[in-house]
Amino acid sequence: MATIDFEFRDQILKNDIGNTLAYCYQCATCSGACPVAQVTEGRYNPRRLILDSLLGLKEKIFGAENSFTIWGCTICDTCDEVCPQKVELTEIFTILKNESVRRGEAPEYYTTQASTILENGKAIPMQSAVERRREQLNLPEILAPDVEEVQKLLKATKLDEKLPKKEE
Ligand code: SF4
Ligand code: SF4
């Protein structure tokens, strides 16, 4: 049986956004509207994630085996729009995702993408083949990002410290 972690619960409830968690009355409108819940036949379930957070059931939320429980969310904000209690679901899920990153449990497809942005200043690095093709099609040149500027901003958020270190 999962144990209640009061410290974790309070950690979410302590700020203005997190304490909207307490207004949830489990109507399931969020799960009914969530596109991810629909295509995964309920395997991803925002109502349950809110309930587990409210109950402080940390072990049902974190751990590599529960990765999809948090990271299944695409941050589309639909749940926030339909919630009759104005629970800030997406923001609460961001608190959970940040904790997941802190625990070193973020899925590799997220950390790899973040590393690519940190290295290249954009999610999809410039590719000469694509640039040549665009030229042939008379499409405008893609402006290169200011990599140093992007890195400066991301390092100010300590992103580089949160990403797994690459093996030499
Ligand atoms: S829609 Fe709002 S009140 Fe209803 S279950 Fe979801 S979070 Fe709770
Ligand atoms: S923000 Fe996440 S939980 Fe909410 S509806 Fe979109 S995918 Fe579902």
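This is a predicted model: local features need pLDDT of at least 70, side-chain atom pairs count only at pLDDT 80 or more; totals for chains, interfaces and linings use all residues.
Residues are numbered from 1 along each chain as its sequence is written, chains are lettered from A and ligands numbered from 1 in the order in which they are written, and side-chain values use heavy atoms, with hydrogens and water left out.

**Helices around helix 8**

Helices are DSSP runs (H or I, at least four residues) numbered from the N terminus. Helix 1 (residues 6-13) packs against helix 8 (residues 89-102) at about 130 degrees, with the axes 10 Å apart. Axes are lines fitted to C-alpha atoms over the stretch in contact, and angles run from 0 to 180 degrees between N-to-C directions. In their contact (heavy atoms within 4.5 Å), F8, Q11 and I12 of helix 1 meet I92, I95, L96 and E99 of helix 8.

Helix 4 (residues 46-54) also comes within 11 Å of helix 8, axis to axis, crossing at roughly 60 degrees. That makes helix 4 oblique to helix 8. Here P46, L49, I50 and S53 of helix 4 meet L89, I92, F93 and L96 of helix 8.

On a 1 Å grid over the protein atoms alone, a cavity is a set of points where a 1.4 Å probe fits but cannot get out, while a pocket is an open set with protein on both sides within 12 Å along at least five of seven lines; lining residues have an atom within 4 Å of a point. Grid points are joined across faces, edges and corners, and a volume is the space filled by probe spheres set on the points.

| Space | Volume |
|---|---|
| Largest pocket | about 420 Å³ |
| Largest cavity | about 110 Å³ |
| Second largest cavity | about 80 Å³ |

The largest pocket has 15 lining residues, with W71, N98, V101, A114 and L159 nearest its centre. Helix 8 turns up again here: it gives the most to this pocket's lining, with five residues.

The largest cavity is lined by 14 residues, and C24, C27, C30, C83 and V87 are the closest to its centre. The second largest cavity also has 14 lining residues, and closest to its centre are C34, Y44, C73, C76 and C79. Helix 3 (35-39), helix 7 (78-82) and helix 8 each give two or more residues to the lining of the second largest cavity.

Technical notes:
Angles under 35 degrees count as roughly parallel, over 145 as roughly antiparallel, 65 to 115 as roughly perpendicular and the rest as oblique.
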